[in-house]
Amino acid sequence: MSAIMNILGWKAQGLRCPDHDIECTSQGKPLPITLIQMPNGTGKTTTLSLLRMALSGSANKWTREQIDEYKKAKNPQPFGYFKLRLKLNNRQVTIIMEFDFDSGRIEYKTTRQEGQVIGFDPPIEFRRFMNEEFVKFFVFDGELADNILSREKTDAQNAVESLFQIHLLEKMKKKVGEYWDEKTSGRGAKGEKGHKQRTNILKSWRDRLEKLTQKEYQFQRELKSVCESLESKNTLYNSEIEKNEEKKNEISAAEDELKEIESRVKESAQSVLDSLRDPYSISQVFATNIFDLKMGLERLKLPGDVAKEFFVELANDSECVCGRPIDKEIKNEIEKRAQRYLGSDDVSLLNGMKTAIDEAVGHSCTQPERLLSDVIIELSKLVDDQSEASNGVDELKHDAEQSNPKLKRAKEEIDLLTYKRDELRKKLKIINTLDDKVNFEGKMNIEPNRICSIETIKEGIKYFEERVDEVEKTLELRNKRDTLINVFTKAHAMAKQNITIAIKDQTNKRIAELMPDNLVRVKEINQCVVLEGQSSGSAGENLSISYAFLATLFNRSGEHKLPFIVDSPANPIDNEIRPKIGKLVPILADQFIAFVISSERQQFLSALRKVAGHEIMYITLFRKGITHHEKKAKKCAGYSSTEDGIMVAGEEYFCDFQLDSEGSD
């Protein structure tokens, strides 16, 4: 079923951004392009977050601290209100978020044709798009431009599967499994008691798999949250260090020294490892034995000067090297005596052995062991130096933390988050590692709740499915099920591969159009967007790559049409690329809503006007208190005001407005 979404407008009141009511329509119809000019500090980030929350229902899980961040900085109010008006497949839907700052709660209300319900309740055909993970692809900011290249922060592959409904193949595969369970559940068995027992065992293993899968998902979500918090705290820690130039330089110098020593430790450890692979370096006993082997070969004069092949060839000639004819009797004697000599392969092997022993041991059986001992002593000293250098860095940081409460608090939080991260990684490793200690063969009483490995549980399910099959004689039906599941699995993999390759190729064409002098290209789309030869680009490159990818994604999705909402569509991009971004905007989506600042208009806006070919809604929104802008705004026909905000609708004022920042957002 197709999904066509349009944003009609929204209203914010009592929140961190100025109170405002924005309309994205003209004569009741959604406008293709709406440009909202808001200086930095006016509440762009807040408004963008509110749109994400309203479109995804994600605020249901928020803490009091997160909710308090949306309270007005000046004259805070106990209640806040955000109302988003949507058109979903030509049906009007309103999503309301009511903020209760005193109780630290947000309540959703959804209004559809059937009436208003409590909670977040969009139409069923939109739910796969209106969730926290997917919304960030069409409510877009500069952070996603970087995150779209990060495997830990973005699931681009999931966005592709949702848009093109490839996930339906996985659902069909699940349905086949459910059908098989249904058909086999009522069949007779060799014994009802045995059938019931094995079925119950199989159910317990499947229940355990479901619980472990939920745990894995929970751990992954927790790990993602902890990693993001850890990154934030590290940024705070480093910014506090930066404030003290002297301490920063001392720590930086100590860290550089530590890195240099760590590099030397790594090289020395590799050298020790390489030497340990040679037995003669570990002990003089090995060196002496292989040396004696070489001396024994020389005493026996092995290998000889002549190889067996010489006599074999000679026996086949009609005349000997001495000139006498070779008859049958002489031929037999030559072939018999040839067996006393080594073949050329054996000669080469023995010569190679002697050469290798010479190179390894030389004329001293003690030298390899002594050299290894020296390398180990050197490594031990380097490890001591590394420990001392590491302690030095820790002491410098500790001194800095003791003199700065913020730094000390950040360090304590970093240590706690690091511990949580490592524990979560350990748990995930256990869950995702096959436990080879579990042996199923011939056992029916293994307790699944004691097993913490998903792979081991899957092995157990496979084993007990076969045991149930034995009872129910359903192997033939199971084989048919496996064939169908295999078909759906391969179809899913092929569809995913072909679509992602097509999207990659089209994305690269758009990147070449946007940045013709830049060689950055997409290598593959595998959970995140992966670049060729690099993990990331500059801010402008990342934003251009993101536009190219999302433009391709949304334009290839066919029947699904979603709005594209973006913060600062061209701000980090060089002026020569801005016109190309302006030309790209009209084909990104049927509806484009952008939050801009005045300095961003250069080059971008003129190119956008040329290709738009339809009406553009121009809106300027800023806080009260900027007198000269307020006076000018009051003279405009599109002027409106709230308790703390000024809004002007119109192109002339939009283009004359010059203010990039009005304080902290």
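Here is a short chat about a sheet, a helix pair and a cavity in this predicted model.

Me: Hi! What order do the 7 strands of the open sheet come in?
Reply: The order is 10-13-14-5-15-17-16, and the pairing is mixed.

Me: Which strands stand at the edges?
Reply: Those are strand 10 (139–140) and strand 16 (639–641). Each has a single partner strand, so one side of each is left without a neighbour in the sheet.

Me: And which helix packs on the sheet?
Reply: Helix 20 (residues 604–612) does, touching strand 5 (33–37) and strand 15 (616–623). The direction of helix 20 makes about 150 degrees with that of strand 15.

Me: In what sense do strand 13 and strand 14 pair, parallel or antiparallel?
Reply: Strand 13 (residues 564–567) and strand 14 (residues 592–596) are parallel, over 4 bridges. Ile-565 stands opposite Ile-593 in strand 14.

Me: Switching to helices: at what angle do helix 14 and helix 15 pack?
Reply: Helix 14 (residues 367–402) and helix 15 (residues 405–431) pack at about 125 degrees, with axes 6 Å apart. The two are therefore oblique to each other.

Me: Which residues make that contact?
Reply: Helix 14 brings Ala-400, Glu-401 and Gln-402, while helix 15 brings Pro-405, Leu-407, Lys-408 and Lys-411. They divide into 3 nonpolar, 1 polar and 3 charged.

Me: Last one: how much space lies in the largest cavity?
Reply: About 40 Å³. The lining is Arg-91, Gln-92, Val-93, Arg-112, Gln-113, Glu-114 and Pro-123. Strand 7 (residues 91–100) gives the most to that lining, with 3 residues.

Definitions and conventions: Residues are numbered from 1 along each chain as its sequence is written. This is a predicted model: local features need pLDDT of at least 70, side-chain atom pairs count only at pLDDT 80 or more; totals for chains, interfaces and linings use all residues. Side-chain values use heavy atoms; hydrogens and water are left out. Two strands pair if DSSP finds at least two bridges between them. Contact means heavy atoms within 4.5 Å. Axes are lines fitted to C-alpha atoms, for helices over the stretch in contact, and angles run from 0 to 180 degrees between N-to-C directions. Angles under 35 degrees count as roughly parallel, over 145 as roughly antiparallel, 65 to 115 as roughly perpendicular and the rest as oblique. Ala, Val, Leu, Ile, Met, Phe, Trp, Tyr, Cys and Pro count as nonpolar, Asp, Glu, Lys and Arg as charged, and the others, Gly among them, as polar. On a 1 Å grid over the protein atoms alone, a cavity is a set of points where a 1.4 Å probe fits but cannot get out, and a pocket is an open set with protein on both sides within 12 Å along at least five of seven lines; lining residues have an atom within 4 Å of a point. Grid points are joined across faces, edges and corners, and a volume is the space filled by probe spheres set on the points.
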